[in-house]
Amino acid sequence: MKPYFFFLLFGCILISCQSNPESHNYTSVTITTIFEDSVSIRAIEFLDSNTLAFAGSKGIYGTVEANSGKARANNMKYHTSIPEFRAVAHTSTDFFMLSVANPALLYKTGDNGKMDLVYIEEGEGVFYDAMKFWNDKEGIAIGDGEDGCLSIIITRDGGHNWTKLPCNVLPDLSPISINNNDSHDDVNSFNGVGAFAASNTNIEILGDNTWVMTSRQPLLFSSDKGKTWEAIITPINTHEYLYQGIYSIDFFDKDLGYGIGGSFDEPEGNSSNKIITKDGGKTWQLIADGEAPGYKSCVQFVPNSGGKDLISIGFTGIDYSNDGGASWKQLSEEGFYTIRFLNDSIAYAAGKYRIARLTFN
């Protein structure tokens with residue numbers, strides 16, 4: 001081997017080692033409230049590096065500027081009703097927000113600067129949980145369904161039109177179809193399959209791959225942007241408590257993903273409420289089972305930490321892991337519903353009556 005090849009190889013190895021992200025090893029968090037109102041906010045999304053969009057109860061929606069903290073808010077009404085928003089999404093040109101219950105209302109920014117109603121669904125069991133886009137043209141929203149069929153609507157034209165997928169193209173999530181041994185008919189039966197509208201993080205998208213966490217054992221996976229689907233069984237228990245399951249999933253890359261939940265009715269319960277995958281969601285394992293934290297409504301990987309750092313939040317407080325979710329420590333008892341990172345040390349969280357800036361130290 002010629003000498004300069006050796007030095008080139010050595011240099012590449014050195015650079016690779018130096019650029020390998022490591023845990024930030026945070027020990028505290030500083031919380032600064034930047035927006036307050038008498039509303040519940042469960043959906044936030046960064047539109048760009050400075051603009052955080054949000055939507056919540058009482059028809060409220062708006063934006064917060066990260067650099068100045070300036071907030072702008074409006075209220076949406078639909079005839080005589082006031083929608084409650086728990087899902088938001090965006091493309092490079094438009095902002096979307098989706099209300100939960102009957103009637104489900106999906107709004108998109110219009111040409112005149114106002115929000116246009118682009119989809120409406122009415123029915124006794126209508127309840128939408130989360131929304132996300134693959135690209136500027138294609139997006140997905142998911143909601144509760146019946147008879148083992150999740151509600152999924154998809155757009156292929158930038159959000160102007162949405163189509164609901166028929167049940168015959170979706171996996172049957174009824175107990176018999178998935179060979180679930182615990183198929184008794186209780187509050188968590190598969191007949192009312194859905195997801196938890198707690199933080200707008202039931203859906204995760206990487207490239208063409210899509211993972212949708214349901215309120216039961218199975219999650220749905222699509223490798224072709226929602227054209228075909230399969231059900232993957234996770235090892236969680238959904239029958240011990242009321243409203244128990246995985247509330248939030250996040251992927252660090254195409255292989256590493258993490259899910260967290262529990263039961264908001266029994267928030268101290270920490271059994272079967274955390275799962276991890278290292279093969280792109282093909283298989284999942286319980287992790288930190290029987291250990292803190294208990295119920296959380298949102299989990300996110302911390303940027304630039306090599307998949308080692310995660311933050312989980314809920315009305316039970318803010319918890320941090322620096323070992324890939326194998327162990328956790330609480331940084332704050334202050335409660336929130338959802339969180340998004342601006343960079344590797346600053347995030348924004350929303351919850352009851354407020355949006356706050358979180359600075360991790």
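Which residue does a disulfide join to Cys149? The partner is Cys167, with an S to S distance of 2.1 Å. The model behind this result is a predicted one: local features need pLDDT of at least 70, side-chain atom pairs count only at pLDDT 80 or more, and totals for chains, interfaces and linings use all residues. Residues are numbered from 1 along each chain as its sequence is written, and side-chain values use heavy atoms, with hydrogens and water left out.

With a disulfide taken as a pair of cysteine sulfur atoms within 2.5 Å, the count comes to one disulfide. Cys149 sits in strand S11 (residues 149-155) and Cys167 in the loop between strand S12 (163-164) and strand S13 (203-206), so the bond ties together parts that are 18 residues apart in sequence. Strands here, like helices, are DSSP runs numbered from the N terminus (E, at least two residues, for strands; H or I, at least four, for helices). The torsion about the S-S bond of Cys149 and Cys167 is about -100°, so this disulfide is left-handed. Cys149 comes out as buried, at 8% relative accessibility, while Cys167 is partly exposed at 46%. Another cysteine, Cys298, is buried with a relative accessible area of 0%.

Next come some backbone details. Most residues other than glycine have a negative phi, and most peptide bonds are trans. Against that background, a cis peptide bond joins Asn102 and Pro103, with omega about -5°. Pro103 belongs to the loop between strand S6 (95-99) and strand S7 (104-109). Ala292 and Pro293 are also joined by a cis peptide bond, here with omega about 5°, and Pro293 is in the loop between strand S20 (285-286) and strand S21 (298-301). As for phi, His79 is not a glycine, yet its value is positive, at about 55°. His79 lies in the loop between strand S4 (71-75) and strand S5 (85-90), and is exposed, with a relative accessible area of 68%. Asp147 is a residue other than glycine with a positive phi near 55°. The loop that holds Asp147 runs between strand S10 (139-146) and S11, and Asp147 counts as exposed at 63% relative accessibility.

On to the strands. Strands of a sheet pair through backbone hydrogen bonds, either parallel or antiparallel. The rule used here is that two strands pair if DSSP finds at least two bridges between them. S5 and S6 run antiparallel and are joined by five bridges, and a hairpin links S5 to S6 through four residues. Within this pairing, His90 has Phe95 in S6 as its bridge partner. Five of the six residues of S5 are buried, so S5 is largely enclosed by the rest of the structure.

Elsewhere, four strands make an open sheet in the order S21-S22-S23-S24, with antiparallel pairing. At its edges are S21 and strand S24 (329-332), each of which pairs on one side only. From one strand to the next the twist averages 25°, where axes are lines fitted to C-alpha atoms, for helices over the stretch in contact, and angles run from 0 to 180 degrees between N-to-C directions. Strand S23 (residues 317-321) is antiparallel to S24 and is joined to it by three bridges. Tyr320 stands opposite Lys329 in S24.

Finally, the aromatic rings. Rings of Phe, Tyr and Trp (its six-membered ring) pair if their centres lie within 6.5 Å; planes under 30 degrees apart count as stacked, over 60 as edge-to-face and the rest as tilted. By this rule there are 19 aromatic pairs. One of them is the tilted pair of Phe35 and Phe54, at 5.0 Å centre to centre and 40° between the planes. Phe35 is in strand S1 (residues 29-46) and Phe54 in strand S2 (residues 51-56), so their pair ties together parts that are 19 residues apart in sequence. Phe35 is buried at 10% relative accessible area, and Phe54 is buried at 0%. A single aromatic cluster takes in Phe196, Tyr243, Tyr247, Phe264, Tyr295 and Phe315. There is also a charge over a ring (NZ of Lys or CZ of Arg within 6 Å of the ring centre and within 35 degrees of the ring normal): Arg42 lies over the face of Tyr337, at 4.0 Å from the ring centre.

How values were computed:
Buried means under 20% relative accessible area, exposed over 50%, partly exposed in between (1.4 Å probe, protein chains only).
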